[in-house]
Amino acid sequence: QSNLAISWPAGRHKPAWVEDTTQFWGGEVSPDDVQLTWRAGQPAVKIAFKPSGAGSGTRPVAAPGAMAPATVMLVWPDPRALRRCLVGAGTTGAVSYDAGNAQPGGYVTGSLDAKGLVCSDGSRVDVTARFKMVILELR
């Protein structure tokens, strides 16, 4: 259940199906967000951001929600010791991305740098990531 390609929001139409992110991830993301998901690893990672019509930019991380410019969620899905880490009070960071002219078959590259994600066990973690994904379609 990891991304191989993404659907790029271009204001053409709404997605036919949207994942309910609250049960597994512990937070909501907007269906208008670009969503990068890696569920196979430890931790599972979801990065979401709003390009808002721009082919490149930087979005500050905020707590998961429909209005967040960008967010990140980490989950260690062990049923005996489920641990989630989300953007919360005191978290800083941003998602930067570049999709060029955002066309199907093109790439979006970017990075995430977030410090102080708040975890369900009371700890805090920092996360950095780089990504490069194929744009499957414009929606």
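Helices (H or I, at least four residues) and strands (E, at least two) are DSSP runs, numbered from the N terminus. Lys-50 is placed in the loop between strand 3 and strand 4 (56-60). The model is predicted, so local features need pLDDT of at least 70 and side-chain atom pairs count only at pLDDT 80 or more, while totals for chains, interfaces and linings use all residues. Residues are numbered from 1 along each chain as its sequence is written, and side-chain values use heavy atoms, with hydrogens and water left out.

Is Lys-50 buried or exposed? Buried means under 20% relative accessible area, exposed over 50%, and partly exposed in between (1.4 Å probe, protein chains only). Lys-50 has 16% relative accessibility and therefore counts as buried. A polar atom of its side chain lies 3.4 Å from the backbone oxygen of Ala-68. Contact means heavy atoms within 4.5 Å. Leaving aside neighbours within four places in sequence, the residues in contact with Lys-50 include Ser-30, Asp-33, Arg-59 and Tyr-97.

Now to the nonpolar residues. In soluble globular proteins, nonpolar side chains tend to be buried together. A nonpolar core is a set of buried Ala, Val, Leu, Ile, Met, Phe, Trp, Tyr and Cys residues joined through side-chain atoms within 4.5 Å. The largest such core here has 28 residues, and Trp-8, Phe-49 and Val-72 are those with the most contacts inside it. At least two residues of this core come from each of several strands, among them strand 1 (5-8), strand 3 (44-49), strand 5 (70-76) and strand 7 (92-98). Strand 9 supplies the largest share, 6 residues. Another core, of 8 residues, lies apart from it and includes Ala-44, Met-73, Val-75 and Leu-86.

Strand 5 deserves a separate look. Two strands pair if DSSP finds at least two bridges between them. Strand 5 pairs with strand 3 in the antiparallel sense over 6 bridges, and Thr-71 in strand 5 stands opposite Ala-48. Strand 5 also runs antiparallel to strand 6 (residues 83-86), with 4 bridges joining them. A hairpin leads from strand 5 to strand 6 through 6 residues.

Where does Arg-83 lie relative to Trp-76? A charge sits over a ring if NZ of Lys or CZ of Arg is within 6 Å of the ring centre and within 35 degrees of the ring normal. Arg-83 lies over the face of Trp-76, 4.4 Å from the ring centre; Trp-76 also stands opposite Arg-83 in strand 6. In another such arrangement, the charged end of Lys-132 sits over the ring of Tyr-107, 4.6 Å from its centre.

Rings can also pair with rings. Rings of Phe, Tyr and Trp (its six-membered ring) pair if their centres lie within 6.5 Å; planes under 30 degrees apart count as stacked, over 60 as edge-to-face and the rest as tilted. By this rule there are 5 aromatic pairs. Trp-8 and Tyr-97 have ring centres 6.0 Å apart and planes at 55°, so the pair is tilted. This pair links distant parts of the chain, with Trp-8 in strand 1 and Tyr-97 in strand 7, 89 residues apart. Trp-8 counts as buried, at 4% relative accessibility, and Tyr-97 counts as buried at 4%. Phe-24 and Trp-25 form an edge-to-face pair, 4.9 Å centre to centre with 85° between the planes, and both residues are buried. Ring pairs also link Trp-8, Phe-49, Tyr-97 and Phe-131 into a cluster.

How values were computed: Polar contact = N/O pair within 3.5 Å; in protein donor to acceptor, adjacent residues only side chain to side chain.
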